Amino acid sequence: MHIVPAVGDVYKALADPTRRAILDELRDRAGQTLFELCTRLLGKGFTSSRQAISQHLAVLEDAGLVVIRREGRYIFIDLDTSPLQQIYERWGIGPCASDT
């Protein structure tokens, strides 16, 4: 059973610039391993440790914005934008003119 996160958890998750950078990376390239994600963030100037990235991922997972799956010793991370639908529905927001 999929538990719908509270909208407040989504806002909290989006409030941090490192977490937004993680989401941007996952939007650009889905299914990354934790190692790949850390390497790509390091290449963009983020100096967070792997442990710090893991903690950020836990917040994002609690908010429902990422799906983390384990295969053997590897951890794969995917973006899940479905919690953002609640925000769109609440205020009746459609795509921005710049998005079309």
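This is a short tour of a predicted model, one selection at a time. Residues are numbered from 1 along each chain as its sequence is written, and side-chain values use heavy atoms, with hydrogens and water left out. Local features need pLDDT of at least 70, side-chain atom pairs count only at pLDDT 80 or more, and totals for chains, interfaces and linings use all residues.

**Stop 1: helix α2**

Select residues 17–28, helix α2. Helices (H or I, at least four residues) and strands (E, at least two) are DSSP runs, numbered from the N terminus.

Now pick T18, R19, A21, I22, L23, E25 and L26, the buried residues of α2. Buried means under 20% relative accessible area, exposed over 50%, partly exposed in between (1.4 Å probe, protein chains only). These residues pack against α1 (7–14), β1 (32–33), α3, α4, β2 (66–71) and β3 (74–79).

**Stop 2: α3 against α4**

Show α3 (residues 34–43) and α4 (residues 50–62). Their axes are 10 Å apart, at an angle of about 110°. Axes are lines fitted to C-alpha atoms over the stretch in contact, and angles run from 0 to 180 degrees between N-to-C directions. That makes α3 roughly perpendicular to α4 (65 to 115 degrees).

Select L34, F35, L37, C38 and L41 in α3; they meet R50, I53, S54 and L57 in α4. Contact means heavy atoms within 4.5 Å.

**Stop 3: two rings**

Finish at Y74 and F76. Their ring centres are 6.4 Å apart and their planes at 45°, so the pair is tilted. Rings of Phe, Tyr and Trp (its six-membered ring) pair if their centres lie within 6.5 Å; planes under 30 degrees apart count as stacked, over 60 as edge-to-face and the rest as tilted. Y74 is partly exposed at 42% relative accessibility, while F76 is buried at 17%.

Note on methods:
Parallel < 35°, antiparallel > 145°, perpendicular 65-115°, else oblique. Expected span 1.5 Å × (residues − 1).
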